[in-house]
Protein chains: 2
Amino acid sequence: MNPSDKKPKRLSPEERKRRLLEKAIDYFSEEGFEGGTRELARQLGITQPLIYRYFSTKADLINEVYHAVYVSQWQESWAQNLQKRDRPVRDRLIEFYDGYTNAIFNRHWMRIFFFAGLKGLDINTRYIRRVSDHLLRPICREMRAELGFDVEKPLRQAEFDLVWMMHGLVFYQGIREHIYKVPYKVNHEFSIQIAVDMYITKSREVIEAALKDPAADLAPAASFIPEQLVQVAPDRI
Amino acid sequence: MNPSDKKPKRLSPEERKRRLLEKAIDYFSEEGFEGGTRELARQLGITQPLIYRYFSTKADLINEVYHAVYVSQWQESWAQNLQKRDRPVRDRLIEFYDGYTNAIFNRHWMRIFFFAGLKGLDINTRYIRRVSDHLLRPICREMRAELGFDVEKPLRQAEFDLVWMMHGLVFYQGIREHIYKVPYKVNHEFSIQIAVDMYITKSREVIEAALKDPAADLAPAASFIPEQLVQVAPDRI
DNA sequence: ATAGGTATTTATCACCTGATAAAAATATTC
DNA sequence: GAATATTTTTATCAGGTGATAAATACCTAT
């Protein structure tokens, strides 16, 4: 046996915790949060009680998994760059979706997102609200500004639906790739381009019709709840 | 108490099994397949061992849930009507998606689909293959025929991706409504119209470019496996 | 009314779950 | 090299799981 293969039986707390969290992301994104701590320990080559030296409860471990996968991946620059009016909206959107899909189109992110979504966990609803409030609503404003509509008038339902359609078209390709597991490489640049073009093309008539009709539904109000991406109610795990 | 409220303590096997399956659909679509048989029984007002008089194992019960939610909802007329060339493709697509979303945009279908998808269950991959082979590929043929392209030449990747984009745009609105649980009614007719228009608008240039370039990727071959929507490998539950 | 049939419950099995406490193994310090 | 400190394991707990067998409660036909 290669002498360099010798792995020390004891690790520093930092290194052990790092490996534990890394494996937990892997494991829970495959098995869901019902996955057992014993099997997780087995895959790490350690015994199950050792997990509890580094995470006080299973819920605590899962919380850190969330943080690592979701929170730390969110880029504040997304919302900032989307609102820099020195370039056409189309360019900004394509650049944004290039970065966004690059951050979230991976097996860990996609699967944990849906596991959490099906469980109705806080982190998931908060994330969707964040996408809605910090990304999609600003995009609607930018679109109005570029087309010369009044930015101050309240957002209409139809405009909001339309921007969600663009978002959904892009996002669904990630679902195909990582949830459906299609047996070939999905071309994301292509779908981003199609989605953005669809949005740009349809925006004028949708905004025009929505603003003309005083009876048209308003988009639901942005959330009042001070939203963070962090907490998970422990009893939901 | 209203005398008509008196419920008999014993039911006929048919009625009991019917109620059990109905509740199981409800229960597993909320909790996922890890949901316990005791809680299921509790919600039915019966004891847990009674379940095993009507379903030999939990896997057997889940299998019947699948069948009720997926298989029995599939309409053969979808594929048939899509290929009747007496009307424009646009009309056929809109009619199809009206019927399709009407069948699958409900909490049971949507949630069970993703629970099964995350577990990698056969039923789910089979379903996706069925959508691909029986719906989306025929749509691509119809589109080529309407635009006057050669229907016999093999399907290209870009055409296939494009039809999946239309499909994804529509499907994603169901995800928003039933997985994200947005707090308002999503307008499906609107998104269907946008999706179909996007597909029709982009088809000509995509097909043209794909057929012109001899190096363009082909779409993956339709599946050879004799696909059914029925079986679930018991050991995967 | 009673007897037979069967739907339903009670009691129980072996196994798995997250979590805790004490013992052991390893590394570090003097 | 002995003493100390800390990582890791062993042993175990209480409670939950799917499933089975035997006992019971209910309905119906006679």
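Analyst: Around DNA strand D there are 23 residues, and Leu11(A), Arg16(A), Arg10(B), Thr37(B) and Tyr52(B) come nearest; a residue is near a strand if one of its heavy atoms lies within 4 Å of it. This is a predicted model, in which local features need pLDDT of at least 70 and side-chain atom pairs count only at pLDDT 80 or more, while totals for chains, interfaces and linings use all residues. Residues are numbered from 1 along each chain as its sequence is written, chains are lettered from A and ligands numbered from 1 in the order in which they are written, and side-chain values use heavy atoms, with hydrogens and water left out.

By class, the surface near DNA strand D has nine charged, eight nonpolar and six polar residues. Asp, Glu, Lys and Arg count as charged, Ala, Val, Leu, Ile, Met, Phe, Trp, Tyr, Cys and Pro as nonpolar, and the others, Gly among them, as polar.

A base oxygen of DNA strand D lies 2.7 Å from a polar side-chain atom of Arg10(A). Phosphate oxygens also take part: one is 2.7 Å from a polar backbone atom of Leu11(A), and one is 2.6 Å from an N or O atom in the side chain of Thr37(B). The elements that give two or more residues to this surface are α1 (13-31) and α3 (48-54) of chain A, with α2 (37-44) and α3 (48-54) of chain B. Helices here are DSSP runs (H or I, at least four residues), numbered from the N terminus. The most comes from α3(A), with four residues.

Conventions: A polar contact is a pair of N or O atoms within 3.5 Å; within protein, one must be able to donate a hydrogen and the other to accept it, and residues adjacent in sequence count only if both atoms are side-chain atoms.
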